[in-house]
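Here is a protein chain to look through step by step. Please keep the sequence and the 3D view side by side while reading.

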Amino acid sequence: MTRSELVTRLAELNPHLYHRDVERIVATIFEEITLALARGDRVELRGFGSFSLKERSARIGRNPRTGSAVAVAAKYLPYFKTGKELRDTLNKN
């Protein structure tokens, strides 16, 4: 599901809201998750999952074309762990 499909679906389920308001709500939620992760916070949505950061330390990599060593800087990557309710829903038989 894309972001626009999510907005459309939420607008259909909430006919009392304007489409532009639903777009603003979705944008605000994603923006707040992004800002929280940028601060180093963990974001937990009960029953759905949690977003956190994983740190990857600096290392020496290889250029695949030339084979020469390349320094790769340390960086943070977003990490998502599914919640128990979501896993149970996906794994129902």
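The paragraphs below go from the chain as a whole to a few of its residues.

The model shown is a predicted one. Its chain contains three helices and five strands. Going along the sequence, these elements come in the pattern α-α-β-β-β-β-β-α. The radius of gyration of the chain is 19 Å, whereas the globule rule gives 12 Å for 93 residues, so the chain is more spread out than a compact globule. Along the principal axes, the C-alpha atoms fill a box of roughly 60 × 35 × 30 Å.

Other totals describe the chain as a whole. Of the 93 residues, 15% are buried. The chain exposes about 7800 Å², and carbon and sulfur atoms supply 54% of that area. Among the contacts with a separation of 6 or more, 31% are between residues 24 or more positions apart.

Next come the charges. The chain carries 17 positive and 11 negative side chains. The centres of these two sets lie 10 Å apart. How many salt bridges does the structure hold? There are six salt bridges, and the following paragraphs take up some of them.

One of them is in helix α1, which covers residues 3-13. Here E12 forms a salt bridge with R9, and the closest N and O atoms are 4.0 Å apart. Both residues lie in this helix, three residues apart, which is about one turn of the helix. Is E12 buried or exposed? E12 has a relative accessible area of 53%, so it counts as exposed because the cut-off is over 50%. R9, at 42% relative accessibility, counts as partly exposed.

Another salt bridge joins the side chains of D41 and R39, at 3.1 Å from N to O. D41 is partly exposed at 34% relative accessibility, while R39 is exposed at 55%.

R42 can be found in the loop between α2 (19-38) and β1 (43-45). With a relative accessibility of 53%, R42 counts as exposed. R42 forms a salt bridge with E44, and the closest N and O atoms are 3.0 Å apart. E44 is partly exposed, with a relative accessible area of 39%. Which residues are joined into one network with R42? Salt bridges that share partners join R42, E44 and R46.

When neighbours within four places in sequence are left aside, R42 is in contact with S50, F51 and S52. The C-alpha atoms of R42 and Y79 are 9.9 Å apart in space, and the two residues are 37 residues apart in sequence.

S52 has a relative accessible area of 18%, so it counts as buried because the cut-off is under 20%. Which residues does S52 touch, not counting those up to four places away in sequence? They are L37, R42, L77, P78 and Y79.

One of the residues that S52 touches is L77, and L77 has its place in strand β5, residues 75-82. At 32% relative accessibility, L77 is partly exposed. Setting aside its neighbours within four places in sequence, L77 is in contact with S52, L53, K54 and R56. L77 and R42 are 35 residues apart in sequence, and their C-alpha atoms are 13 Å apart in space.

The last stop is helix α3, residues 84-90, where K84 is found. K84 is exposed, with a relative accessible area of 56%. K84 and R24 are 60 residues apart along the chain, and 29 Å separates their C-alpha atoms.

Note on methods. Residues are numbered from 1 along each chain as its sequence is written. This is a predicted model: local features need pLDDT of at least 70, side-chain atom pairs count only at pLDDT 80 or more; totals for chains, interfaces and linings use all residues. Side-chain values use heavy atoms; hydrogens and water are left out. Helices (H or I, at least four residues) and strands (E, at least two) are DSSP runs, numbered from the N terminus. The radius of gyration is taken over C-alpha atoms; the globule rule is 2.2 Å times the number of residues to the power 0.38. Buried means under 20% relative accessible area, exposed over 50%, partly exposed in between (1.4 Å probe, protein chains only). Contact means heavy atoms within 4.5 Å. Accessible areas come from the Shrake-Rupley method with a 1.4 Å probe; for residues, only the protein chains shown count as cover. Lys and Arg count as positive and Asp and Glu as negative; His and the chain ends are not counted. The place of a charge is taken as NZ of Lys, CZ of Arg, CG of Asp or CD of Glu.
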